Amino acid sequence: MPKKIVGAIVALIIVVGLPTFVYLLTSNKLKIGYNTGYMPEQPIPFSHELHAGTNKMDCKYCHTTSEVSRHASVPSLNICLNCHLVVKADSPWIQQIQEKGMSGESIPWKKVHLLPDHVKFNHSAHVNKGKTCQTCHGPVETMPVVYQYNDLSMGWCVNCHRQPENNAPITCGTCHY
Ligand code: HEC
Ligand code: HEC
Ligand code: HEC
Ligand code: HEC
Ligand code: HEC
């Protein structure tokens, strides 16, 4: 191919391709590869539907750090033992929780949500601005097994930050290291 044509093709790719790429990234249209619906099987069948739904337990009773830190902590077994020293003590699952809890071990829960390393996210910044857990995680209190409800894409984050009432920053450095 003559060099001019190659040059023209490269220029076309840059002129059309780059804005299209940025548009797709920010528009939520590039869904391939995101983990919406991801629902790993957990080592113990812990049900949010039963605990947060039927028994109306507050999310923050177990996820204690979601208001004050970057991460929303997953509860230690001590919190479970507040009830399960007694409740349903005949269940083999509960007996496992008692044994591990009393010897200071933990359950190797599988992580459901995971942003790439180059992204900064902070729970407290959102929870303290009145965003409910469900805004981002969906109706967890109806889930027998938790799954990823939103795609956690850049477009999803930026769309919400752009809403005038949120007045949230959208510069790249807000969310990227
Ligand atoms: C009785 C304690 C308890 C309560 C109450 C509770 N959770 Fe959880 N949550 C857990 C445990 C244990 C896990 C880890 C096991 C699992 O994923 O099911 C977890 C996992 C999660 C995860 C997935 C974390 C990850 O790995 O990405 C989310 C999201 C979550 N909870 C949100 C909520 C919300 C929202 C509420 C309130 C509607 C809530 N939880 C109430 C104990 C609790
Ligand atoms: C603005 C959206 C948003 C809100 C509001 C929100 N979360 Fe999250 N949550 C996320 C994202 C994004 C992740 C993945 C974070 C990561 O991988 O660093 C996550 C991860 C988690 C995890 C796994 C541990 C961690 O921090 O990585 C738990 C547990 C959790 N959220 C519980 C909650 C609870 C409980 C609430 C309400 C008190 C809540 N979240 C509110 C977006 C949100
Ligand atoms: C506020 C009290 C309370 C706390 C705290 C609590 N649970 Fe429960 N849990 C219950 C009740 C009530 C049931 C239903 C018991 C029944 O079916 O009779 C239950 C049932 C269960 C079951 C089903 C057992 C079976 O074999 O049917 C599992 C598993 C379980 N809980 C795990 C956990 C874990 C893990 C934690 C800590 C992250 C936890 N629970 C914290 C009250 C609690
Ligand atoms: C439901 C709306 C909503 C979603 C979804 C959302 N955010 Fe936010 N975000 C906000 C609001 C509101 C603030 C607080 C702005 C302020 O402090 O006034 C905020 C603040 C932040 C901050 C803190 C900025 C600072 O001042 O330190 C970071 C970082 C951030 N968001 C990252 C993310 C990332 C990454 C995602 C996607 C994984 C995301 N957000 C999804 C609404 C949202
Ligand atoms: C409100 C938060 C937020 C802001 C602001 C933001 N990003 Fe992102 N970005 C994310 C999240 C979350 C991801 C990971 C999910 C994804 O790939 O969509 C991401 C992914 C990316 C990726 C893809 C990396 C890969 O591994 O595929 C690029 C490139 C990128 N961002 C560039 C930018 C640039 C350039 C800006 C400024 C114009 C920017 N981002 C602003 C949240 C944000």
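Predicted model: local features only at pLDDT ≥ 70, side-chain atom pairs only at ≥ 80, totals over all residues.
Tutor: Residues are numbered from 1 along each chain as its sequence is written, chains are lettered from A and ligands numbered from 1 in the order in which they are written, and side-chain values use heavy atoms, with hydrogens and water left out.

Student: What puts a residue in the group around ligand 3, and which residues come nearest?

Tutor: A residue is near a molecule or strand if one of its heavy atoms lies within 4 Å of it. Ligand 3 has 20 residues around it, and His51, Cys80, Cys83, His84 and Ser91 come nearest.

Student: Why is the pair between His84 and ligand 3 called a polar contact?

Tutor: A polar contact is a pair of N or O atoms within 3.5 Å; within protein, one must be able to donate a hydrogen and the other to accept it, and residues adjacent in sequence count only if both atoms are side-chain atoms. A polar side-chain atom of His84 sits 2.7 Å from a nitrogen of ligand 3, so the pair qualifies. For His51, the distance to a nitrogen of ligand 3 is 2.8 Å, so that pair passes too.

Student: What makes Ser91 interesting to look at on both sides?

Tutor: An N or O atom in the Ser91 side chain is 2.7 Å from an oxygen of ligand 3. At the start of helix 5, a side-chain oxygen of Ser91 also comes to within 3.1 Å of the backbone nitrogen of Trp93.

Student: What counts as a helix here, and which one gives the most to the shell around ligand 3?

Tutor: Helices (H or I, at least four residues) and strands (E, at least two) are DSSP runs, numbered from the N terminus. Helix 4 gives the most, with four residues.

Student: Which residues of helix 5 are called buried, and how do you know which side they are on?

Tutor: Buried means under 20% relative accessible area, exposed over 50%, partly exposed in between (1.4 Å probe, protein chains only). Ile94, Ile97, Gln98 and Gly101 are the buried ones in helix 5. They cover an arc of only 100° around the axis (taken from the directions from the helix axis to the C-beta atoms), so they lie on the same side of helix 5. Pro92 and Glu99, on the other side, are exposed.

Student: What do those buried residues pack against?

Tutor: Helix 4, with contact meaning heavy atoms within 4.5 Å.
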